[in-house]
Amino acid sequence: MEEERIAIIGGTGPQGRGLAYRLARSGRRVVIGSRDAERAEQGARTVNERLAGTESVAWAENREAAAGSPVVILAVPYRGHSDLVQSLADALAGKVIVSCCNPLGFDRRGPFGLDVPDGSAAEELQLLVPEARVVGAFHHLSAVTLWSAKEDLADEDVLMVGDDEHALTVAGELCAAVTGRPGVVAGPLRLARQLEPLTATLISVNKRYRTQAGVRLVGVNLPEMDQDVDIA
Ligand SMILES: NC(=O)c1ccc[n+]([C@@H]2O[C@H](COP(=O)([O-])OP(=O)(O)OC[C@H]3O[C@@H](n4cnc5c(N)ncnc54)[C@H](OP(=O)(O)O)[C@@H]3O)[C@@H](O)[C@H]2O)c1
């Protein structure tokens, strides 16, 4: 049986493109979504050129991409997040949705976490699509690192938050495909309130030390991943 596709909504941006690249490189079937089919095609072409013909990603408008995939990665800015989610709610219902959205603001003192009425973008998403199985992940894995020439990213941990064990298992397997290490379950979805703004701290570190800081936890022994996780 052919493996199910992973849709990346907002896959034309640096984060979505980077995730598409890493997932496709590890053999996953990926479709890049956009509000505009031409932009989606251009985004897929950029990733496919990088993959040099070994694998290839597909493209579609966001709705079509989401409707045809059991797993959806949401890689859009917080600005416009609720409008976009509401416009796709029927296509997202019942899906495992992995959100990497970080509601951040920037002013002259640097990045900071925005106050979000529902607590976090991931909780907002869950409230807008109650039938979805939402996980927050990839919040602090930078697009620059994803798109870099590094062979694997196993020196990074990906913290995940969620209330649905199946969705956490699926997201953990995606983390393993992207970095070489399974994701770390940090706790329930409400902890997205702490996880999303953490990235403001990393961006601030990056600016000061001119680097691409990532996250690595000490003292956590991650279990081996089951390679045959059914993502449907
Ligand atoms: N960049 C990073 O290093 C990084 C790291 C971790 C997490 N994140 C998070 O991942 C998300 C995506 O990051 P990014 O840097 O890739 O963002 P981005 O380039 O600003 O946006 C990604 C894509 O989202 C779509 N989009 C933009 N504005 C939209 C709106 N108002 N409504 C609906 N769709 C819109 C666009 O695609 P179309 O125009 O083609 O539809 C755009 O290419 C953000 O929430 C960010 O906080 C980013």
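Predicted model: local features only at pLDDT ≥ 70, side-chain atom pairs only at ≥ 80, totals over all residues.

Me: What is the volume of the largest pocket, and which residues are closest to its centre?

Reply: The volume of the largest pocket is about 680 Å³. Its lining is made up of 28 residues. Of these, the closest to the centre are Gln15, Cys100, Asn102, Leu104 and Thr199.

Me: Which helix supplies the largest share of the lining of the largest pocket?

Reply: Four elements each give at least two residues to this lining: helix 1 (14-25), strand 6 (104-107), helix 6 (143-146) and helix 8 (192-209). The largest share is four residues, and the element that supplies it is helix 8.

Me: How many charged residues are in the lining of the largest pocket, and how many are in the shell around the ligand?

Reply: The ligand sits in the largest pocket. The pocket lining divides by class into 17 nonpolar, 10 polar and one charged residues. In the shell around the ligand there are 10 nonpolar and nine polar residues, and the charged ones number three.

Me: Which residue has a side-chain N or O atom 2.5 Å from an oxygen atom of the ligand?

Reply: Among the 22 residues around the ligand, those that come nearest are Thr12, Ser34, Arg35, Val76 and Ala143. Threonine 12 places a polar side-chain atom 2.7 Å from a ligand oxygen atom. Asparagine 102 has a backbone N or O atom 3.2 Å from an oxygen atom of the ligand. The distance of 2.5 Å belongs to the side chain of serine 34.

Me: What percentage of the area that the ligand exposes alone does the protein bury?

Reply: Taken alone, the ligand exposes 890 Å². The share of that area buried by the protein is 78%.

Technical notes. Residues numbered from 1 in each chain as written. Heavy atoms only, no water. 1 Å grid on protein atoms, 1.4 Å probe; cavity = no way out; pocket = protein on both sides within 12 Å on 5 of 7 lines; lining within 4 Å. Points joined across faces, edges and corners; volume = space filled by probe spheres on them. Nonpolar A, V, L, I, M, F, W, Y, C, P; charged D, E, K, R; others polar. Near = heavy atom within 4 Å. Polar contact = N/O pair within 3.5 Å; in protein donor to acceptor, adjacent residues only side chain to side chain. Areas by Shrake-Rupley, 256 points an atom, 1.4 Å probe, with all protein chains shown as cover. Sits in = over half its atoms within 2 Å of the grid points.
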